[in-house]
Amino acid sequence: MQTVTNAFTAEESSSVRHIAESLLVSWKRDYLGANRTFTIGVSTIGGTGVIGANPGAIGSPGNYRYFDETSHLLNLAWERGFNIPTGGVTKGMAEARLDNNSGRFTPRYMGGNSELYTAILPERPFLINAGFDIGAKVMLPQFAGLISEQPLVDQGNRILSLKGEDYIRFFENKFLDHEAMFTSQMTDNIMETLLTGTLGMSTAQFELDAGINKIPFAIFEKGIKMSQIFHQLAEAENGHFYQDELGKFRFENRQHWNSSPYTSVRKVIYTAEVLNQSTPTTDHLINVVEVNVKQRTKQPEESVFSLAQAVRINASGNTELFVSYDNPVLQVTSLNLTVNASEDGSGTDYTTSVQIKNRDDFAQTSKITFYNTSSLTLWLTSLEIRGRTVKTAPDVYIRKQDDSSVTAYNERTLTIDNPYIQNQDWGQSYAQMILDDFSSIENLQSITILAKPELQLGDLISWQGRYWRIFDIKSTLSPEYGFVQELTLLQRTIRTYFRIGISTIGGTDKIAP
Amino acid sequence: MAYLLGGVAIKRPTSMNWTRTSQYAQNKTLDGSVTRDYFGDDKNIWVLQYRNVSNSDYSAILARYDDYIANGVRYFDSTGEAISIGTLVHVSVDTRSFNVGGTDYLGDFSLILTEA
């Protein structure tokens, strides 16, 4: 929950509230930071753009110059929610409608002549703030993102409609440009390597909980979407990867809310603040969980490649050879070759005349360049490569079910197939945790309240005498409906988990999953 | 009381109505209490009513309207009285009606000024 003053809290609970809101759009995408990664089409040769491995890396939302469009605002809506039930990557979305009677948002090609007539375009950063007028306007950050579609100009009704998504959208359009392998790494280590090394972000742009999941082996194929990588990694942890109200990327592990201050109620919601409460549906009901555990094991050194057919080595020059491996190779340890004058292996042994000039190892291939120092055409008749590989063991299938829920509602099955759940014990715990939360119909519900803009995802609230964790916040701000929020809530039983130095063996604290 | 619209004195109206408007959404909560969310500042609307106005006086008012259409919101103010106005307004002129017989075409209409 964001921090607010007593006066702010008093205003939000008042029967007469004075709403304050703002919409800021960086129509011209003026970047105020000293340096940004060089981006083709945006940066200029000789400018301040830095050449990096990650063209187009996003900057922090605070680094743009914005136009304040609040005076044209007709209504606003934005939503951010966790993935239910498994976690993973979640993307926030927003929309706004603005009055265009002045023609401010009419593009040049539609006859516009305002200062913005060439800048009514998508991919523009924007910010939404909302709060209350308590003598002065006090607003809290609510959303930071990019306009995701071409702004819709409705000239007949003189209205501009904007649709936007938060910066998670950036990961959906970034593809891994080379294969990446990790061995025995925690989730946050892999994420940090990708965020800083591959995407070129600074550590100030994200905050990652320590991973709980140690992944024995992870391989990401070239061309995979970055959002898919982060989703699978977070889902394997039953954690969440999302962007907060300020534009910071966050990875929260499954234990994120297990300790103070997240175990105490942040807000008590009173009936006088609730506009609607909807009956829970069976959509979320899960009473059978199937988990396919992908077990991969590192192998001791072994032969990983043996040449099947002789290869010609050009005289006095280079010859390239690509070799493929059946399994990902962590390390090539040795390479033994034999070179003869004849293809069938007979004739003079010329092994000493051929050098390995270069070798590039990828996960399941190597590119080897041989250099022939002699003036004769020779034949590579034998090549054996030894190395350490990772082999996939047969999948372990885990199935858990809540018998009483199955009796009541019939089977409602969820199958989790994630390559980074590689531990059988964790697979068992994961399945049980989902059953604990979602096998009972009354655990999830939504309420519509008079908006409390300081609420954030994961906040613990009290409603009807029970504790609930906020999993989704959909905010609407308009003269028609007022400033209201639809909250999706998951009922929680607050447990105290075992903490070294605080808990006692034999006490009531439980071991965290 | 005299009025200036866009810096030009306009004919004194027969009567004037001054309304204050606000923008709010009203909601009813589960315990039955009613709440209101107010948006933006309250705004004023002045309706200046004219009766039996000659064609030339009507044209002078219409010229103020045309000035607004051409140049955007205009400054509206009063002079010589305790009432303080002094604000930018949108200008509208509503239906002109003729109730008096004869050849002078004396008509009634209202000049509506809405605070921007």
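A salt bridge is taken here as a side-chain nitrogen of Lys or Arg within 4 Å of a carboxyl oxygen of Asp or Glu. The structure is a predicted model, in which local features need pLDDT of at least 70 and side-chain atom pairs count only at pLDDT 80 or more, while totals for chains, interfaces and linings use all residues. Residues are numbered from 1 along each chain as its sequence is written, chains are lettered from A and ligands numbered from 1 in the order in which they are written, and side-chain values use heavy atoms, with hydrogens and water left out.

Between chain A and chain B, 1 salt bridge is counted. It joins the side chains of A:Arg17 and B:Asp37, with an N to O distance of 2.7 Å. Polar contacts (pairs of N or O atoms within 3.5 Å; within protein, one atom must be able to donate a hydrogen and the other to accept it, and residues adjacent in sequence count only if both atoms are side-chain atoms) link 9 residue pairs across this interface, both members being at pLDDT 80 or more.

On the side of chain A that touches chain B, at least two residues each come from strand 1 (16-31), strand 16 (274-278), strand 30 (466-478) and strand 31 (482-491); strands are DSSP runs of E with at least two residues, numbered from the N terminus. Strand 1 of chain A gives the most to this side, namely 5 residues. Strand 1 of chain A also pairs with strand 4 (residues 34-53) of chain B, in the parallel sense and over 4 bridges, pairing being assigned if DSSP finds at least two bridges between two strands. Within strand 4 of chain B, B:Arg36 stands opposite A:Val16.

The contact (heavy atoms within 4.5 Å) comprises 23 residues from chain A and 15 residues from chain B. The two chains bury about 1400 Å² between them, with 61% of it on carbon and sulfur atoms; buried area is the accessible area (1.4 Å probe) lost by two parts on being put together, summed over both. In chain A, the residues losing the most area to chain B are A:Ser15, A:Leu275 and A:Pro479, together 32% of what that side buries.

Elsewhere in chain A, strand 13 (residues 240-243) directs A:His240 and A:Tyr242 one way and A:Phe241 and A:Gln243 the other, all of them buried (under 20% relative accessible area, 1.4 Å probe, protein chains only). Strand 13 of chain A runs parallel to strand 4 (residues 88-89) of chain A, joined by 2 bridges, and A:Phe241 is the bridge partner of A:Val89.

How values were computed. Buried means under 20% relative accessible area, exposed over 50%, partly exposed in between (1.4 Å probe, protein chains only).
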